[in-house]
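Student: Could you take me through the helices of this chain in close detail, covering how they are built, how they pack against one another and how selected residues sit within them?

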Amino acid sequence: MADKQISLPAKLINGGVAGLIGVTCVFPIDLAKTRLQNQQNGSRLYTSMSDCLIKTIRSEGYFGMYRGAAVNLTLVTPEKAIKLAANDFFRHHFSKDGQKLTLLKEMLAGCGAGTCQVIVTTPMEMLKIQLQDAGRIEAQRKLMPQTVSSGPGAPVEVKSPTAMQLTRDLLKSKGIAGLYKGLGATLLRDVPFSIIYFPLFANLNNLGRRGAEGTAPFYVSFASGCIAGSTAAVAVNPVDVIKTRLQSLTRGSQEDTYSGVTDCIRKILQREGPSAFLKGAYCRALVIAPLFGIAQVVYFLGVGELLLSFLPKRKD
């Protein structure tokens, strides 16, 4: 983030606007990532991101690429707002008299941001993954009917489940814990991501500053966000694969089920090899890079402050 002082409401608006714009732009790629990561040996429908998107359009139509988008668009505002505002809060807390933060303190600030955001991220991704992967399961049912079955603890099967149906079924069968399945894996992904992303962005952005006290141009902030985001995304992709597998409730009868993070790692290594941990890595980089690049530009342009300026001011 830039060092200029921004009010908390403006930070929350900035994070929300950035999330909404970013998700709308890159959601189809995120859908392809989820489906590629969930594929296991013996039930492969897609060979690449482009193959997945083409087959999705043919079988589900254009809007099939946006399955689960409503969940993301609803929850991405608090998720991104918490993440970006928390990082700013911790950076301000760790700084002394405006001095530049050490790398360790930058990483600790990122760690705090990643830890805070999982409150929203875990249920959001839990619901999104079921909706995104439903098309893959339906395609398997048509092309390979012998490979599809509902995993233990899965919600009541419907052809096109909605987020509300999934939420109701999970709360009814498992309580609030059902929405937080994969919380540990989400922490293992988002905390390291933030530890890498925020310090890397801050240092890249500082390289483009105009003078010691100046700010970096918006295109430098955008490029820094893209580079830092894609780097962090690829670095934590193995944990993202684990998280996606653990949070998927419906799978093929020939596909493994997992009891936890350790069991998932062991089975993937034994049956698919180390390369399976890189499934969807380039998709994830293509999703995260513009998402965080846009976030930095929104902060740079001060969208939150602009929107707040239209609100009527209170009279004392």
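Tutor: The account below moves from the chain as a whole to single helices, then to helix pairs and individual residues.

The model is a predicted one, in which local features need pLDDT of at least 70 and side-chain atom pairs count only at pLDDT 80 or more, while totals for chains, interfaces and linings use all residues. Residues are numbered from 1 along each chain as its sequence is written, and side-chain values use heavy atoms, with hydrogens and water left out.

The chain contains 12 helices and 2 strands; these are DSSP runs, H or I over at least four residues for helices and E over at least two for strands, numbered from the N terminus. Read from the N terminus, the order of elements is α-α-α-α-β-α-α-α-α-α-β-α-α-α. Of the 316 residues, 52% are buried (under 20% relative accessible area, with exposed meaning over 50% and partly exposed the range in between, for a 1.4 Å probe and protein chains only). Where contacts (heavy atoms within 4.5 Å) join residues at least 6 apart in sequence, 80% of them link residues at least 24 apart.

Helix α1 covers residues 8-38. Although α1 has 31 residues, its end C-alpha atoms are only 38 Å apart, short of the 45 Å that a straight helix would reach at 1.5 Å a residue (the expected span is 1.5 Å times one less than the number of residues). Within α1, a kink of about 60 degrees is found at V26, shortly before the proline P28; the bend at a residue is the angle between axes fitted to the seven residues ending there and the seven starting there. Because 22 of its 31 residues are buried, α1 is largely enclosed by the rest of the structure.

Helix α2 has 12 residues and spans 16 Å from its first C-alpha to its last, close to the 16 Å expected at 1.5 Å a residue. Its buried residues include M49, C52, L53 and T56, and the buried residues of α2 pack against α1 and α11. D51 also belongs to α2, which runs over residues 49-60. With a relative accessible area of 17%, D51 counts as buried. Apart from neighbours within four places in sequence, D51 contacts L45 and Y46. Just after α2, G61 adopts a positive phi of about 85 degrees.

Helix α3 (residues 69-94) holds N72. N72 is buried at a relative accessible area of 7%. Setting aside neighbours within four places in sequence, its contacts are V23, F27, M124 and K128. N72 and G19, 53 residues apart in sequence, have C-alpha atoms 8.9 Å apart in space.

The axes of α3 and α7 cross at roughly 70 degrees and come within 12 Å; axes are lines fitted to C-alpha atoms, for helices over the stretch in contact, with angles from 0 to 180 degrees between N-to-C directions. The two helices α3 and α7 are therefore roughly perpendicular to each other (65 to 115 degrees; under 35 is roughly parallel, over 145 roughly antiparallel and the rest oblique). Their contact is made by K83, L84, N87 and R91 of α3 and F193, S194, F198 and A202 of α7.

Among the residues that form the contact are F193, I196, Y197 and L200 of α7 and V220, S221, S224 and G225 of α8. This crossing of α7 and α8 is right-handed.

Helix α8 meets helix α11 (residues 281-301) as well: their axes come within 7 Å and cross at roughly 150 degrees. The crossing of α8 and α11 is right-handed. The residues that meet include F218, S221, F222 and G225 in α8 and A281, R284, A285 and I288 in α11.

Finally, C111 is located in helix α4 (residues 103-143). C111 counts as partly exposed, at 25% relative accessibility. Leaving out neighbours within four places in sequence, C111 is in contact with V191 and I195. C111 and N87 lie 8.3 Å apart in space, C-alpha to C-alpha, and 24 residues apart in sequence.

Terms used: Left-handed = near helix turned anticlockwise from the far one by under 90°.
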